[in-house]
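Colleague: Hi! Could you walk me through this model when you have a minute?

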Number of protein chains: 4
Amino acid sequence: MHNILIINTGGTFNKNYDPLNGTLFVDTTSKSLENIASKWLCEFEIINIIGKDSLDITTHDRMELLATISHTHHEHIIIVHGTDTMSLTAEYLFDGELEKSIVLTGAMVPYSIDPVEATANLCSAYGYLNALKEEGVYIAMNGVIGNHDKVGKNKKLGKFIHL
Amino acid sequence: MHNILIINTGGTFNKNYDPLNGTLFVDTTSKSLENIASKWLCEFEIINIIGKDSLDITTHDRMELLATISHTHHEHIIIVHGTDTMSLTAEYLFDGELEKSIVLTGAMVPYSIDPVEATANLCSAYGYLNALKEEGVYIAMNGVIGNHDKVGKNKKLGKFIHL
Amino acid sequence: MHNILIINTGGTFNKNYDPLNGTLFVDTTSKSLENIASKWLCEFEIINIIGKDSLDITTHDRMELLATISHTHHEHIIIVHGTDTMSLTAEYLFDGELEKSIVLTGAMVPYSIDPVEATANLCSAYGYLNALKEEGVYIAMNGVIGNHDKVGKNKKLGKFIHL
Amino acid sequence: MHNILIINTGGTFNKNYDPLNGTLFVDTTSKSLENIASKWLCEFEIINIIGKDSLDITTHDRMELLATISHTHHEHIIIVHGTDTMSLTAEYLFDGELEKSIVLTGAMVPYSIDPVEATANLCSAYGYLNALKEEGVYIAMNGVIGNHDKVGKNKKLGKFIHL
């Protein structure tokens, strides 16, 4: 099996409910991700960067993500990312010509609200990456998995589809 | 993506609690499996055969499973199976020289008790199978994924490990 | 047992997550409440009025609530209400001199995020009201139950305490 | 509010799944009960005695329960008990003429499988006991609450009803 680096950038996947003010916030500690990964994945490392809703991710943030991937010795990478700009980030990374195998995933509903969806997406990304031989940038969401330019979010349906 | 056939043979994955007599039983309707698959997988079919705890699976049951796989047009197959004899069934299928890509999975705890584990295992099997190029018989459990003779249940730990 | 009227006014108890825009909204259909009540209560009716976060409840809304209670033949009433102004509404109803037994309850975390807290609060209010002999206005939250002027929300702790 | 003693005697409420042998067992540590009580009740103590499925409770066990209630200074008591012989134990305690307020409760489905039912029953018993003025032995199950001789388990329906 590959030794996988999971880069947690925030997004809905990591949102928690704050009962003190009644709102959802992006938890930057990756507690949700570790809950899943420690039990249902093996041979991985997690790092947290950016920690934002994907609508707030800037070009500067994407540069940081690209640099992180360039500098790590890992060749197999999962990125947990907000859904709204997942395709944009995927394309940015593709243009970076990284010669690594990268799968982006996330969740439409926070792990803290529905642990099943976040788990399903992360584990299908993980399974896919473990059998993957080719370099490239892929997306795995809601059972739809493929090259980043063949999978995208349909905002009306609220789910990812084959393009 | 591959069009996947999911063959549900029963096992802990499908156990439900019966409050009338206080025991767990194998639900042969695949309701648990459909709950996950309808939301978190795509391009699949489900069939139910055998419907047993894996300790009760006989050679005759394994012949039925082998025949089912031989006769289907599907080349990519997930088998949901009890954990105690998963490796035995995998070996039996391997000896059948099927020239298909087969991943066995299941759960240590019923979906009805912990939906997260069953989802994690099924989705990692699904992700793996979608990127898989080689024929063979594989096992995906608890984040440990690989050739069927390299992955097995450690009964003391109550989980699957690399052999 | 008493025949109880449950008046659902909204609040955090009824908030659902909308994956299309990533926000929580007050579901005015009382689906959450019916999920609990249909299974764990008996001899009750539910009506939905107001349907607001309690910070948005106006004097006009409280007049509507008071009128609803005055006009019903029920003498035992549970009010599901947002937590921020629960005490204010309780005092308003107390001043209305209704000669009925009224228990206000709600949740700090939406039923859709944590079904256990909402269930605990509703069921303790329900149990309390069933044994109650006196008229009055009471609050039942987080295991703290008593006369409305003896129980209140501590906003720093994010829970209700004895005053 | 009353200072309540919760006597945990076992039963389905406390059953956990053991993945090593695939069976349910009565957890005698009251972890499930403490999970609920620490968050959703206040002013209570818990003790564990007997620790059995209620079909296995003997007259000797009931004598121990009666003695425990006689000797405690608490006057308000919740008993968590298996459902099959809950009425039998209630009658035994009633015959003991204890001059205390006692509510028996439990669950049809283990807390570990469905935390909502166990929470609903415990919290309705707790609410009821807090408003109760009379001595006596009561049962609170599935929203049906009343004197122990007016509430009983219907084994065909798998729930408690008014007798």
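Modeller: Happy to. The copies meet through the same surface, because 100% of the interface residues of chain A are also interface residues in chain B; contact here means heavy atoms within 4.5 Å. This is a predicted model, where local features need pLDDT of at least 70, side-chain atom pairs count only at pLDDT 80 or more, and totals for chains, interfaces and linings use all residues. Side-chain values use heavy atoms, with hydrogens and water left out, residues are numbered from 1 along each chain as its sequence is written, and chains are lettered from A and ligands numbered from 1 in the order in which they are written.

Colleague: What rotation superposes chain A on chain B?

Modeller: A rotation of 180° with 0.0 Å of shift along its axis, at RMSD 0.0 Å. That is the relation of a two-fold axis.

Colleague: Nice. How many residues does the contact take from each chain?

Modeller: There are 27 residues from chain A and 27 residues from chain B. The two chains bury about 2,100 Å² between them, 72% of it on carbon and sulfur atoms. Buried area is the accessible area (1.4 Å probe) that two parts lose on being put together, summed over both.

Colleague: Which residues of chain A lose the most area to chain B?

Modeller: A:W40, A:V116 and A:A131, together 26% of what that side buries.

Colleague: And how many salt bridges are there between chain A and chain B?

Modeller: Two, counting a side-chain nitrogen of Lys or Arg within 4 Å of a carboxyl oxygen of Asp or Glu. One of them joins the side chains of A:E134 and B:K133 at 3.3 Å, N to O. As for secondary structure, α4 (115–131) of chain A is among the elements that each supply at least two residues to the side touching chain B. Helices (H or I, at least four residues) and strands (E, at least two) are DSSP runs, numbered from the N terminus.

Colleague: Switching to the sheet: what is the strand order in chain A?

Modeller: Six strands run β4-β1-β5-β6-β7-β8 in an open sheet with mixed pairing; two strands pair if DSSP finds at least two bridges between them. The edges are β4 (44–52) and β8 (144–147) of chain A, each with a single partner strand, so one side of each has no neighbour in the sheet.

Colleague: In which sense do β1 and β5 of chain A pair, parallel or antiparallel?

Modeller: Parallel, over five bridges between residues 4–10 and residues 76–80. There, A:I4 stands opposite A:H76.

Definitions and conventions
Least-squares fit on C-alpha atoms with pLDDT ≥ 70 in both.
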